[in-house]
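Subject: Structure for you to look at

Hello,

I am passing on the structure we talked about, and my notes on helix packing and cavities follow below. Please open it alongside this email.

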Amino acid sequence: MNIVREKVIEALASILPIFVIVLLINFFIHPLGGTVLTAFVVGTLIVYVGLAIFLIGVDTGIGPIGTHLGRAIAKSGKIVVVVGAGLLLGFFISIAEPDLMVLAQQVSTVTGGTITTMTLLVVVSLGVALLIAIGLLRIVFSYPLYKLLTIVYVILFTLVAFSSPQFIAIAFDASGATTGALTVPFILALALGAAMMKRDRQTGESDSFGLVGLASAGAIFAVLVMSVLTRQSELRGELPMLELESGNVLLRFLRGLPEQARGVAIALTPIVGIFLLASALFIKLRRQELFRIMVGVAFTFVGLVLFMTGVNYGFMDVGALLGAELAGRDNPAVIIVVAFVLGLVTILAEPAVHVLTRQIEDVTSGYVKRSAVFLSLSIAVGLATMLSVIRILVPDLTLLHYLIPGYIVAIVLMYRTPKLFVGIAFDSGGVASGPMTATFILAFAQGAAQRLPHADVMIDGFGIIAMVAMAPLIALQLLGLVFKRRSQPTREPGGSESVPEGSMDDGPVGAAAMTEGGGVTMSEASTVAMTEAGAVTVSAVDGEVN
């Protein structure tokens, strides 16, 4: 029962801030109306129940599947198996990611079906699978992460120069949406499988960071390539606004259940089928354990169906309506402040961020406090959402005006900050852009773009997930620089060096030790790897994932 209570609290913490903010706006700034407010309350309740059940399913079903498959891959000891598994599992698990489903459905809705939901899901999943395979090869051959990321992002921004503006925002939004509660445990299990094949366990564990960040880059690459190949430069879109008649709110949700159930079943079936086949041939699980995992898969299915139904039939509609109404007010400061507060509270309520802050505190043995990480992340994401809304309000201000200097700063920081923080920062981009960002905040931005005559929903309505995903890249690497500077010894008047208490120079701190080049080597004790659903502990002694 502990896991049930934990996931119920996690889901409540994720959704409660949005719910409270909407109620405050309804009562004190702009009344939504009885029917619309009812749709929001019912939609929020369904999203909450669905998210809680889904998180339980991930922990008891999808997570163990990823763990068992990761162990089986590691036991093979063959690079071909690792890369092949990365391609296959990366593709199918990405298709089932709920955040990506939401984004793909929004793109399909806005474009009137010109880009279908399945088209975007398949394209993004192909890109994710490709970069996961490349990332696994990087781990096996110990190629530096910061060098590979530099090459990847140079290629991406070269593709940007040849891509349609309508696709650029969708591409970078997909990078944040593709790494969620379903994909991250699998990606980390694959990274562990590759790391366990290396003779040098210390560098192997350290190299296991960064694969999530590379998977996110794969999503960007795939959508930009699609733009270049299809040459759809005149793609236009419009966001249908919420229209409800009194008394049909619940019926609207019930009508949406079969469609969402069909889509979720199609998405989950391949990955479950691969696991059952592997279980029969290689893994050989006991019946009781296999039964528990399949019960967890059933929880995942039910939770995902409820989550997607609540999101698509009330929750996101109200977000879009609210964004449109606030954008139409005479004072633009209202929507700017609301956007900042939404980003601020969303990141504080995101369960995976709590895991991330614990990870950093453990790695630095408390030298970098959780409060400092929370403060830097919350301010960064609040600013990201605020800047996204300002971009919608100001004509001729584009997403690239933010992304190009932002990623230049992030890439430059890679060469200065401790290397462990590079992997954590790029992995955490998907953590910040959690389910509330991919649903309510995205719809909020699209509603604002729909209302303003100079804005284009296709160009200006997307991009807010991209901004939220970029914020940790800069914030956490800056934090790593501060940590590096504070941990360096200071020279006293007599010529001797004074080492700050609790610094890395006292020896291994937590699970990390600073190298002379400013990098970080993992100790053989353990390293805690962040996931969106919880923490995965990698034991260097027995090679197991708990």
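A crossing is called left-handed if the near helix is turned anticlockwise from the far one by less than a right angle, and right-handed if the turn is clockwise. With that in hand, please keep in mind that this is a predicted model.

**H2 and H12**

Helix H2 (residues 34-76) passes helix H12 (residues 287-327) in a left-handed crossing. Their axes come within 5 Å and cross at roughly 150°. Angles over 145 degrees count as roughly antiparallel, so H2 and H12 are roughly antiparallel to each other. Sorted by class, the residues in the contact of H2 with H12 are 25 nonpolar, 12 polar and two charged.

**H7 and H10**

Next come helix H7 (residues 165-177) and helix H10 (residues 211-230), whose axes cross at roughly 155° and come within 7 Å. This pair, H7 and H10, is therefore roughly antiparallel as well, but H7 passes H10 in a right-handed crossing. On the H7 side the contact is made by Phe167, Ile168, Ile170, Ala171, Phe172, Ala174 and Ser175. Facing them in H10 are Ser216, Ala219, Ile220, Val223, Leu224, Met226, Ser227 and Thr230. The contact of H7 with H10 counts 11 nonpolar and four polar residues, with no charged ones.

**H17 and H21**

For helix H17 (residues 419-427) and helix H21, which spans 464-487, the axes come within 8 Å and cross at roughly 160°. H17 and H21 are therefore roughly antiparallel to each other, and their crossing is right-handed. H17 brings Phe421, Val422, Ile424, Ala425 and Phe426 to the contact, while H21 brings Pro472, Leu473, Leu476, Gln477, Gly480 and Phe483. Nine of the residues in the contact of H17 with H21 are nonpolar, two are polar and none is charged.

**Cavities**

How many cavities of 30 Å³ or more does the structure hold? There are four. The second largest cavity has about 90 Å³ of space. It is lined by 13 residues, and those closest to its centre are Tyr153, Ser216, Phe426, Gly429 and Ala469.

Which elements give two or more residues to the lining of the second largest cavity? They are H7, H10, helix H18 (429-432) and H21. H10 supplies the largest share of that lining, with three residues. By class, the lining of the second largest cavity has six nonpolar and seven polar residues, and no charged ones.

Happy to talk any of this through.

Best wishes

Technical notes: Residues numbered from 1 in each chain as written. Predicted model: local features only at pLDDT ≥ 70, side-chain atom pairs only at ≥ 80, totals over all residues. Heavy atoms only, no water. Axes fitted to C-alpha atoms, helices over the stretch in contact; angles between N-to-C directions. Helix = DSSP H or I, 4+ residues; strand = E, 2+ residues; numbered from the N terminus. Parallel < 35°, antiparallel > 145°, perpendicular 65-115°, else oblique. Contact = heavy atoms within 4.5 Å. Nonpolar A, V, L, I, M, F, W, Y, C, P; charged D, E, K, R; others polar. 1 Å grid on protein atoms, 1.4 Å probe; cavity = no way out; pocket = protein on both sides within 12 Å on 5 of 7 lines; lining within 4 Å. Points joined across faces, edges and corners; volume = space filled by probe spheres on them.
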